[in-house]
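Good morning, and thank you for joining this group meeting.

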Amino acid sequence: MTAAGLTKRSKIVSNKTMSFWEKIYLPAIIHGMWITAGHLFRKKTTVRYPEVKREFSEIYRGKHVLKRDDEGRERCTACGLCAVACPAEAITMVAAERKPGEENLYREEKYASTYEINMLRCIFCGLCEEACPKEAIFLTKEIVNADYDRDKFIYGKELLVEPMDPLKRIDVSKRQTPEVLEFKKDRNQRHNVH
Amino acid sequence: MILFKTIFASAVLLLSLVVAMYSTLIERKMAGFFQDRLGPDRAGPWGIFQPLADGIKLFFKEEFMPNTADKFLYILGPSLTMLIACLTSAVIPWGPDIVINGQTYSLQMADVNIGILYIFAIVSIGVYGIMIGGWASNNKYALLGAVRASSQMISYELAMSLSIIAIVMMTGSLSMRDIVNQQQGFNWNIWYQPLAFLIFLICAFAETNRSPFDLPECETELVGGYHTEYSSMKLGFYLFSEYINMFISGAVMATLFLGGYHFPFIDKLGLSPNAFAFVSFLVFFAKITFFGFIFMWVRWTLPRFRYDQLMRLGWKALIPLAILNVLITGVVILLNQ
């Protein structure tokens, strides 16, 4: 008596025997070798890295930059919205009050005396950029370099703030897409146009 | 004469070592190309210093020996494998005779009249290196690899020898030189014995432990197989001898089936004896390279055989086919008499 008679749950399994041509393997082997021979002459996907660099997207989300305004003043006002928005909790800052005579350094009356991003925590999502009401933080096409020491990945202002020299400013216009600008308008950030 | 033999023997040894060294690079290049990659290209232009870098790496690696290992046998294993891999080239005719100062020299180290038997004798000792290494490591994976290697090599040696019997019946000689000289021009043995060639080719894959028959070192099941416990240059010897074996088995196949150094029309070019010998050697080398390419091509195409499939193929397919081939050859020879 078969198992089917006992439980009525048995299934018929396809246990097809190989045909003669399948048994001698050779046609299948030659077919396989034909396929690999085709790959021999195919264009290679390798990018020879240090010599050739794969082009980044225009809106690549890499290392952050803290922008200055047209007069070279730091835009950041240490409101902490970026730190709140950050899902990885990578951003910390200490706020300070602008002293008289520092108007050429800081745009607002309050500024970030320290501003640190832990690049090992950061997931480069760009939410800090979206949260910023002052257009101060942006993600750039630069990448965060590898290092041997974990402590070196906590980037302070000296690494994040863009240079004062107008020629060395970091262009973030590509990340200020119309959608982003529109989004900021929606949230009544019109005071922040300049 | 002795001086020439010494120089020639060293040259052949050097050639097989250099070819084996660069086979490792070409193998990796080929692997890359078959997989739409470029392969190693960092060390020097096109990675030509890669084998040197690998060699240096192997020399400077820690010389590890398991403390339960049989020390004498543990060292004997890779040494034997390497020695035997280098021995086979002795009977291979590398080219026609050359003339220096009116004296003719043979481009074959020893024209033994039992050349084929010599090759089989050496090849069957080859399994001892693996067997001893696997046993001496005192590791179950190594032992399993060694057991697999020995049973695989013994099984496939039978079919290999049987396929050669058909060639020997045709030529009536066991000397490699005679076999080559009977394949003048395009009169190659492969046209008369395609089945024997196929069987020999398949067995050569098994004898050199190359994929799809690389069960002795099967990484997925046996860690590293017989060389699991080996490190440094002892491991290097095992890996290196595989490439020497590949080169030599390519040479044997070219000699037995593809007419050795013969090629149509090169004897009609009117070259001086030495130039002719040189061109013939190049032709021979090109044939060996062709086989080397086939070895690599197959390795990066086919998956590994299962152990029972391997045994079934050897005993139930190749040996009966080889015997059938011997029978047919015998009948044809009788009918032609």
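Let me begin with a term: two residues are in contact if their C-beta atoms, placed from the backbone, lie within 7 Å. Please keep in mind that this is a predicted model.

With that definition, the contact between the two chains takes 10 residues from chain A and 10 residues from chain B. On the side of chain A that touches chain B, the classes are three nonpolar, five polar and two charged residues.

I turn now to chain A and its sheet. Three strands form an open sheet in the order E2-E3-E5, with antiparallel pairing. Which strands stand at the edges? They are strand E2, residues 91-97, and strand E5, residues 154-155. Each has a single partner strand, so one side of each is left without a neighbour in the sheet. E2(A) is joined to strand E3, residues 110-118 of chain A, by seven bridges, and the two run antiparallel. As one of these pairings, Thr92(A) has Glu116(A) in E3(A) as its bridge partner.

Two loop residues of chain A also deserve a comment. Ala78(A) lies in the loop between strand E1 (64-66) and helix H4 (81-85). Its phi is near 55°, a positive value in a residue other than glycine. Is Ala78(A) buried or exposed? Ala78(A) has 23 C-beta neighbours inside 10 Å, and therefore counts as buried. The second residue is Glu135(A), in the loop between helix H5 (127-131) and strand E4 (137-139) of chain A. Glu135(A) is not a glycine either, and has a positive phi near 55°. Glu135(A) counts as buried because 20 C-beta neighbours lie inside 10 Å.

Next, chain B, starting with a hairpin. Strand E1, residues 95-100, and strand E2, residues 103-107, pair in the antiparallel sense over four bridges. Gly95(B) stands opposite Leu107(B) in E2(B), while Ile100(B) has Gln103(B) as its bridge partner. How many residues lie between E1(B) and E2(B)? There are two, and Asn101(B) in the turn has a positive phi of about 50°.

Finally, I come to two helix pairs of chain B. In one pair, the axes of helix H3 (residues 71-87) and helix H10 (residues 232-257) come within 9 Å and cross at roughly 20°. That angle is why H3(B) is described as roughly parallel to H10(B). Their crossing is left-handed. On the H3(B) side the contact includes Pro78(B), Thr81(B) and Met82(B), which meet residues of H10(B), among them Phe237(B), Tyr238(B) and Ile244(B). By class, the residues of this contact divide into eight nonpolar, three polar and one charged.

In the other pair, helix H5 (residues 140-171) and helix H8 (residues 194-207) of chain B pack at an angle of about 155°, with their axes 9 Å apart. This makes H5(B) roughly antiparallel to H8(B). The crossing of H5(B) and H8(B) is again a left-handed one. The residues that H5(B) brings to this contact include Met153(B), Tyr156(B) and Ile164(B), and those from H8(B) include Ile199(B), Phe200(B) and Cys203(B). The residues of this contact divide into 12 nonpolar, two polar and two charged.

Thank you for your attention.

Key:
Residues numbered from 1 in each chain as written. Chains lettered and ligands numbered in written order. Predicted model: local features only at pLDDT ≥ 70, side-chain atom pairs only at ≥ 80, totals over all residues. Nonpolar A, V, L, I, M, F, W, Y, C, P; charged D, E, K, R; others polar. Axes fitted to C-alpha atoms, helices over the stretch in contact; angles between N-to-C directions. Parallel < 35°, antiparallel > 145°, perpendicular 65-115°, else oblique. Left-handed = near helix turned anticlockwise from the far one by under 90°. Pairing = 2+ DSSP bridges. Buried ≥ 20, exposed ≤ 12 C-beta atoms within 10 Å, placed from the backbone.
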